[in-house]
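Reader: Please take me through the terms used for this model and the values behind them.

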Amino acid sequence: MDLPVDEWKSYILQKWSLLPKSIQVTICTAETLSDIFLHSSSLLQPEDEMFLQELSRGYLVGKDPSAPLFYREEGNKKFQDKDYMAATVLYTKGVSHSRPNTEDISLCYANRSAALFRLGQYETCLKDITRAQMHGYPERLQLKMMLRKAECLVTLGRLQEANQIIRDLESNFTDRQTLAASQFQILQRTLCRLKMKVQEKETPTGTFPAALTTDFEDMNLREENEQISCASSSVTLCTDPLKGRSLIATKDILPGELLVKEDAFVSVLSPGEMPPLRAGLESRWDTRVTNGDLYCHRCLKHTLATVPCDGCSYAKYCSQECMQQAWDLYHRVECPLGGLLLTLGVFCHVALRATLLARCEDVGKVTRKLCDEISNRDICSPESKNLVQTLSHDLGGASEKNGETVEPPIPGCDVNGKYGSNYNAVLHLLPHTQNHGPEHKFLCALSVAALCRQLEAASLQTRRTSLKSSQPKAAVVPAMRQELHGWGVAMLRHMLQLQCNAQAITTIQQTGSKESIVTDSRQVRLATGIFPVVSLLNHSCSPNTSVSFVSTVATIRASRQIGKGQEILHCYGPHESRMGVAERQRKLRSQYFFDCTCLACQDGKRRAAAGPRWEAFRCHSCGELLQGGDVLSCGSASCTESASRDHLVSRFQDLQQQVGKAQKLLRNGKLERAIQLLLGCQHDAESFLSAEHSLVGEIEDALAQAFAALGDWQKSATHLHKSLRVVEVRHGPSSVEMGHELFKLAQIFFNGFAIPEALNTIQKAEEVLLVHYGPWNDEIQELQKMKSCLLDLPPAPEGPSV
Ligand SMILES: [Zn+2]
Ligand SMILES: [Zn+2]
Ligand SMILES: [Zn+2]
Ligand SMILES: [Zn+2]
């Protein structure tokens, strides 16, 4: 997904292997990125481009005029089945294939508004109704939609507007002869019901529950750092010739304190893991739900009611404003290149967008020069000093003091020593040119070169068509070959940087069936972005911070106490609770080019023999953990049992399969059978897995869900307690994983009306989640609602009063 698709990758690697040795050597020994790009791109042949275009055509990114009808009909089927969520997504797909101001688009919006209405999303429903009307919704169908609009307004308490619509409807429709008698009756009845609702709302009864107070303040940094934008004053930026840049605590920091809050310099929504539909397979159109259908392609907000780009079917936005902004900043250039960008992968797309955004910062001119100069030097060299200066001057910063030049002290900083979340900082992220293999560099260079050729062709087109609308801020692509070379080098640099500096933007997605009372959640990757300030943090497999995202904004909070002078660390992915030490070391070496010496790794190497408890087997006779390699022996001194690893692993795999089967039964609502199977699994697991084994946790979790679905809250809570213990051993008592488990437990107690237990668990869950997410988080909001609901219950009667 990050790198180009496999077909293109193997095509290029083949090409590389067939190159004469002398050319390979020239590329391998090239001194600068500019040279690498120059040598590689000169080898890109028309047949290579044809092959790439063939691959790109596999993606359905244009607007297909017959698709809207297909998706609308598929959506209607789901609507009939009362699966309104699925219907909404299918109508969205229909919208994205429609041209503006057509009956197609207005019908898709109108149908989607109906589905949103059923989902209780009244505000969004109103937006879709307006959109349907904007695009010329047919007069003959207006009546039903206006009634829906009135219902929404009444429900939302916007009574004046509702009254206006009701009056309009009455005067327009009631005397119409065109309506069939039955329709007329329905209309009459609906209007009557609506008027009653309005009257009810107009006479307020009782008081509303106290509104939830949202402490927005905590979403902002208490005191902004003068040296590093987007960071709190509790940290400072240091450099060290060995370790490079790092962030150090300037005072004692408490868990939960907000340390960095940064909007991505650039981000690109991940298309999802699904391969394109190849022609002839399945249906002509894709009915699968992807991230691209549910999140805004610019701001990454979750929405069921996206608006599409007018020119393509793949870019969708939360609002007209986001669409316009994306268009002005980058989509104008990207729109016709959808298939190519999906083929070349997310990194290539991020590289292009970063370069397009740099234009908007008015640094385009120096970008190329600066890039050439520092392309192969991982640190800011004296020669580039002047350019950095020019850059900051262009950005409005003071570059000279009394005619004297001031040397930037730390790479990526401006002349005043200030580090910002800007293109200058992005350019100074390390590309590790020397560490990448020559084949990889060749693949990146040729991918970028192919993209440049397409940009060149497209920009000639754009120049011809858009002369009339010359917006100064709009994304433009250079048309001249020489200029394009600079762009190519910049993009190649970004592609290489991304391997170490790409930040996955994640979100928590609710899983489980619609009916389940206890919600489960999992973390999904939404997008890939570059955050220059977050990039200052070094890695630890056992970090002292936690990162979370709201739309494209990353926040980093302390996850434990950090003493003055200690380094602020976050995890690049290989966390000690997810991987063993050897695997972590391998991954960090191959992807990030360093040998991790964090405390967890030092500790882990010492304890490597036993392996983590959540993967351990135990002795069937005494219950102690087993240790060793191919043959495991009991850890207890008084026990002589041993077992072969192969045998245990195959037992484990069998059990895993059984648990999978049970989880499937659970999803399909076959609760009794699921419970039976799970209890068998539990019994089996006890005989050979450690009590803290992750599979044991999964079994207990599934049992908890099953009993919750049956309404047996007590049993459910007992099982969840056991699952909680496994999570605690693996991830720690104040980990975000623990927070999610506590949240589930709170829901169970709440639903079971176990009031003291519920309040107690809510409190614990809140404490843990606050540290990681801050107060403006869905789960925390939910917890607060539960709490206020429990506290508002009337006190139990204290006996009969006579
Ligand atoms: Zn948006
Ligand atoms: Zn587009
Ligand atoms: Zn480590
Ligand atoms: Zn034993």
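This is a predicted model: local features need pLDDT of at least 70, side-chain atom pairs count only at pLDDT 80 or more; totals for chains, interfaces and linings use all residues.

Author: Residues are numbered from 1 along each chain as its sequence is written, chains are lettered from A and ligands numbered from 1 in the order in which they are written, and side-chain values use heavy atoms, with hydrogens and water left out.

Reader: What makes an atom a donor of the zinc ion (ligand 1)?

Author: Donors are N, O and S atoms within 2.8 Å of the metal (3.2 Å for Na, K and Ca); water is not among the atoms, so sites may look incomplete. The SG atoms of Cys296, Cys299, Cys318 and Cys322 lie 2.3 to 2.4 Å from the zinc ion (ligand 1), and these are its protein donors. Their spacing along the chain is C-x2-C-x18-C-x3-C.

Reader: Why is the arrangement around the zinc ion (ligand 1) called tetrahedral?

Author: Four donors count as tetrahedral if all angles lie between 85 and 135 degrees. Here the four donor atoms subtend angles of 104 to 114 degrees, so the arrangement is tetrahedral.

Reader: How do you know that α25 is largely enclosed by the rest of the structure?

Author: Buried means under 20% relative accessible area (1.4 Å probe, protein chains only). Of the 17 residues of α25, 12 are buried, so the helix is largely enclosed. Among them are Leu695, Glu700, Asp701 and Phe707. Helices are DSSP runs (H or I, at least four residues), numbered from the N terminus.

Definitions and conventions: Four donors count as tetrahedral if all angles lie between 85 and 135 degrees; four count as square planar and six as octahedral if opposite donors are over 155 degrees apart and all others between 65 and 115; anything else is irregular. Buried means under 20% relative accessible area, exposed over 50%, partly exposed in between (1.4 Å probe, protein chains only). Helices (H or I, at least four residues) and strands (E, at least two) are DSSP runs, numbered from the N terminus.
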